[in-house]
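Subject: Structure handover

Hello,

Here is the structure I promised. Please open it next to this email and follow along.

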Amino acid sequence: MSGFDTTWLALREPADRAARDPGLVQIVARHLSALPDPRVLDIGCGTGSTWRSLARQMPDNTAWQLLDHDPLLLAEAKRQIGPTPTVTFHQNDLNEIAALPLAAAPLVTASALFDLCSQAFCEALVHRLAQARCGLYAALNYDGLFRWSIQHPLDARMVELFNRHQHTDKGFGPALGPDASSCLARLFDTYRYRVWIEQSPWHLDHATSALQTELLKGLRQPLLEIADLPETTIDAWLAFRLAAIHEPESSCLVGHTDVLALPV
Ligand SMILES: C[S@@+](CC[C@H](N)C(=O)[O-])C[C@H]1O[C@@H](n2cnc3c(N)ncnc32)[C@H](O)[C@@H]1O
């Protein structure tokens, strides 16, 4: 099980949609429009956020395969999307790269996935994509940046610790965390792909207080696991950050990047 619950994915979905780089989405749409039989494989689909963000901007006849290893998330994706002839659902473990139904899809998409993945996984996946001359649109990879308008002296330290924790194993071996986009770009360069990287930060204000609250609460366990700081210091910092969400001028930027790699 991935440990990603539907409440968290629902909270982040509007922020993700607003953050995606629109220029890359247009290039993806043009790429698919040029194909006689546009097909997309969305890996780590969760409840179908990528499909909901993109499908209406892609050609009407695009066939979507949504893939995840978590049966509960796939069931929720099916429930939310409803019976749609252009969408099929697949329960696969991404670690079994050879078994991924790549041959049938000229484009693979993913959102908020690659920061969980290891370099070894990316090397193997990009190799398979390159063999099939398949493109990749990997949106919303966390890039290590948190910037709060209301600051606390421990912000930089806590973010540095959290980013260190982002490199721990999330099911694919040691995770790339904030290095995911640069790793993907480097790998695709070696296969002579055209690669784009664009910023896609979340801009959060008090209108997104529920998302910010869950995001901060989600930092506690990683910080406890990795920090050489007393629990009381971590909790005092979190209490400050949680209270600051409700200040009228409060905002928080969380850095992400979108990567698009297409065969030339
Ligand atoms: C952060 S969530 C993103 C979900 C969705 N793409 C979104 O943007 O809302 C990461 C997703 O990757 C899936 N995942 C993690 N490890 C996986 C694996 N080994 N095989 C398949 N899916 C996996 C999780 O179940 C989860 O749905």
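First, a term: a polar contact is a pair of N or O atoms within 3.5 Å; within protein, one must be able to donate a hydrogen and the other to accept it, and residues adjacent in sequence count only if both atoms are side-chain atoms.

Two notes on the source. The model is predicted, so local features need pLDDT of at least 70 and side-chain atom pairs count only at pLDDT 80 or more, while totals for chains, interfaces and linings use all residues. Residues are numbered from 1 along each chain as its sequence is written, and side-chain values use heavy atoms, with hydrogens and water left out.

- H69 places a backbone N or O atom 3.4 Å from a ligand nitrogen.
- G44 has a polar backbone atom 2.8 Å from a nitrogen of the ligand.
- D68 has a polar side-chain atom 2.6 Å from a ligand oxygen.

On its own, the ligand has 590 Å² of accessible area, and the protein covers 98% of that (Shrake-Rupley method, 1.4 Å probe).

Next, salt bridges (a side-chain nitrogen of Lys or Arg within 4 Å of a carboxyl oxygen of Asp or Glu). The whole structure has 10. One of them joins D16 and R12, at 2.8 Å from N to O. Both sit in helix α1, residues 6–19 (a DSSP run of H or I, at least four residues). They are about one helical turn apart, because four residues separate them in that helix.

Best wishes

How values were computed: Helices (H or I, at least four residues) and strands (E, at least two) are DSSP runs, numbered from the N terminus.
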